[in-house]
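Here is a short briefing on one structure. Look at the sequence and the 3D view, then read on.

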Protein chains: 2
Amino acid sequence: MYNILIVEDDEAIANLLYVELKDAGYDCTCAYDGKCAADILEEKMDFDLVLLDIMLPEIDGYELLEYIKPMEIPVIFLTAKGALKERIQGLNLGADDYIVKPFQTGEVIARMAAVLRRCGKSINQITFSDVIVDLESRKVLQNGVEIELTMKEFDLLVDLIQNRNIVQQRDKLYEKVWKQPFMGDTRTLDTHIQRLRKKLGWEKYIKTVFRIGYRLEG
Amino acid sequence: MYNILIVEDDEAIANLLYVELKDAGYDCTCAYDGKCAADILEEKMDFDLVLLDIMLPEIDGYELLEYIKPMEIPVIFLTAKGALKERIQGLNLGADDYIVKPFQTGEVIARMAAVLRRCGKSINQITFSDVIVDLESRKVLQNGVEIELTMKEFDLLVDLIQNRNIVQQRDKLYEKVWKQPFMGDTRTLDTHIQRLRKKLGWEKYIKTVFRIGYRLEG
DNA sequence: CCACTTGTGTCATAGTTGTATCATAAGACT
DNA sequence: AGTCTTATGATACAACTATGACACAAGTGG
C-alpha cells in the first residue's frame with residue numbers, strides 16, 4: 001500500500017483526489033497549504049509520492065519541492081492549464097512529472113504508477129519465469145494469460161516467489177500462509193503445492209526438498 | 001565468495017567500500033575510471049556484481065552500463081544525492097538498484113545482498129575444496145554439478161565444513177546432527193560418513209580419527 | 001441451493017534412515 | 001612379531017517416513 005501526500009489548496013480538488021485515490025488503493029494524506037505540508041512531512045517521512053500543487057498560500061510548490069528533494073520522495077506537480085513555464089521550471093527543479101488541471105483521476109493514477117515504477121518503488125508486481133503476479137489486483141498472468149488462483153494458492157505463490165531459491169521449511173511456509181501454528185501431520189500444504197504446480201505447469205520449478213520443505217528454483 | 005567490481009573515481013569512497021566489503025567477505029576490485037573498468041571487465045568476466053558510479057572521467061556510468069549489460073552482471077548505481085533524474089535514467093537503462101551518496105556501508109551490503117538474491121545468486125554459502133554448499137537453497141554444487149544430499153547428509157556436511165581441520169568427536173557430531181543424545185554402539189554415524197564420502201568422492205578429505213571421531217582435512 | 005474453495009483421508013510409491021553383517025584395519029598386549 | 005580386541009569400512013537390507021495423486025467432505029459466500 002502506497003502513502004501519498006496531496007498538497008493542494010483547493011479543498012474540492014484535494015478531497016476529490018483523496019476519495020478516488022483511496023478507492024484505487026492508495027493511502028492518502030491531504031495538506032491544504034505549504035506550511036501544513038512541511039509539518040506533515042517533518043513528522044512522517046515515509047511517503048511514497050507527493051502530488052504537489054504549485055500555487056499555494058504561504059509556501060509555494062517550488063519552495064516545498066526544495067524541501068522535499070533531500071527526502072528522495074518523487075513529486076508530481078499539479079499545474080494550471082497553459083502554464084508552460086511552470087511545468088518546465090518544475091521539471092528542471094527536479095519534479096518527476098506534472099499533470100495539468102483539470103485532470104481525470106484515471107490519468108493521475110496512471111502517472112503515479114509510472115513514476116513509482118521508474119523510482120523503483122513499484123512493489124506491486126513480482127515475476128518469476130513466465131508469470132507476473134500483481135499484488136494489488138491479485139491477478140496472475142502467465143505468458144499474458146490470466147491464471148485463476150484461489151486465495152491460498154495466491155499467497156503461497158507470492159511467498160515462494162519472494163523467497164525464490166531459498167528452501168521454505170514446511171512449517172514456516174504453512175505458518176506464513178495460513179497464519180496459524182503448524183500442527184504437523186496434515187496434507188494441506190502438500191495439496192496446495194500440487195494445485196499450484198498443476199495450474200501453472202510448474203512441476204519443474206517447485207522443487208520438493210525431502211523432509212525440509214519446498215523451494216522455487218530457477 | 002563473491003567478486004565485486006567497484007567503479008568509482010573518488011578514491012576515498014572506493015577504498016572505503018573496498019575495505020568494508022572485504023571485511024564483509026566480498027572479494028573486491030577497484031577501478032577509478034570507466035576505461036580502466038572496461039579493461040578489467042574485458043579481462044576477467046566473472047564478477048558477480050558491479051557498483052557503478054555515474055559521474056566518471058572519460059567513460060561515464062551510463063556508457064559503461066551499456067557495455068556491462070550483455071555480460072548479465074547485475075549493476076548497482078551510485079548516485080549523488082538528489083540526482084533523481086540520474087536514478088530514473090539508470091533504472092530505465094537496466095540497472096538493478098541505486099544507492100544515494102553519502103551511504104552507510106551497511107546499506108550497500110544489504111542492497112547488494114538483495115540484488116544478488118534477486119539474480120539467483122545466493123549469499124549464504126560455504127565452500128570446501130571443489131564443493132559449494134548453499135545454506136539457503138540447501139543445494140550442493142561440486143565443480144558446478146549439483147549433488148543431491150539427504151537431510152542428514154547435508155547437515156553432517158555443513159558441520160564438517162564449518163569445523164574443518166578440527167576433530168569432531170563421534171558423540172558430539174552425532175548429537176549436533178541428530179539433535180538427540182548419543183547412546184553409543186550404533187553404526188548410524190559411520191554409515192552416513194561413508195555415504196558422504198561416496199557421493200562426493202571425498203575419501204581423501206574426510207579422515208577417520210581412530211576411537212575419536214572424524215575430521216575434514218584440507 | 002449451487003459453485004467454489006479448502007482441508008482431510010487413503011493409498012501407492014519413492015526416498016531416507018538405521019541396523020545387521022562381514023571384512024578389514026588399528027591399536028593393545030604378551 | 002604374533003595374536004587378540006575393538007573400531008571402522010563396506011554393503012545390503014528392512015523399516016520407516018514423506019510425499020504425490022486422488023477422492024471426497026466440510027466449509028464459504030453468493
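The notes below cover a DNA surface, a sheet and a helix pair.

This is a predicted model: local features need pLDDT of at least 70, side-chain atom pairs count only at pLDDT 80 or more, and totals for chains, interfaces and linings use all residues. Residues are numbered from 1 along each chain as its sequence is written, while chains are lettered from A and ligands numbered from 1 in the order in which they are written.

**Surface near DNA strand D**
- 18 residues surround DNA strand D (near means a C-beta atom, placed from the backbone, within 6 Å).
- The closest are A:Asp190, A:Thr191, A:Thr208, B:Asp190 and B:Thr208.
- α8 (188-200) of chain A and α8 (188-200) of chain B each supply at least two residues (helices are DSSP runs of H or I, at least four residues; strands are runs of E, at least two; both are numbered from the N terminus).
- The largest share, five residues, comes from α8(B).
- By class, this surface has four nonpolar, six polar and eight charged residues (Ala, Val, Leu, Ile, Met, Phe, Trp, Tyr, Cys and Pro are nonpolar; Asp, Glu, Lys and Arg are charged; the others, Gly among them, are polar).

**Sheet in chain B**
- Three strands form an open antiparallel sheet, in the order β10-β12-β11 (strands pair if DSSP finds at least two bridges between them).
- β10 (168-169) and β11 (206-209) of chain B each have a single partner strand, so one side of each lacks a neighbour in the sheet.
- Two bridges join β10(B) to β12 (residues 213-216) of chain B.
- B:Gln168 has B:Tyr214 as its bridge partner in β12(B).

**Helix pair in chain A**
- A:Lys152, A:Glu153, A:Leu156 and A:Leu157 in α6(A) meet A:His192, A:Arg195 and A:Leu196 in α8(A) (contact means C-beta atoms, placed from the backbone, within 7 Å).
- This contact has three nonpolar, one polar and three charged residues.

Technical notes. Contact = placed C-beta atoms within 7 Å.
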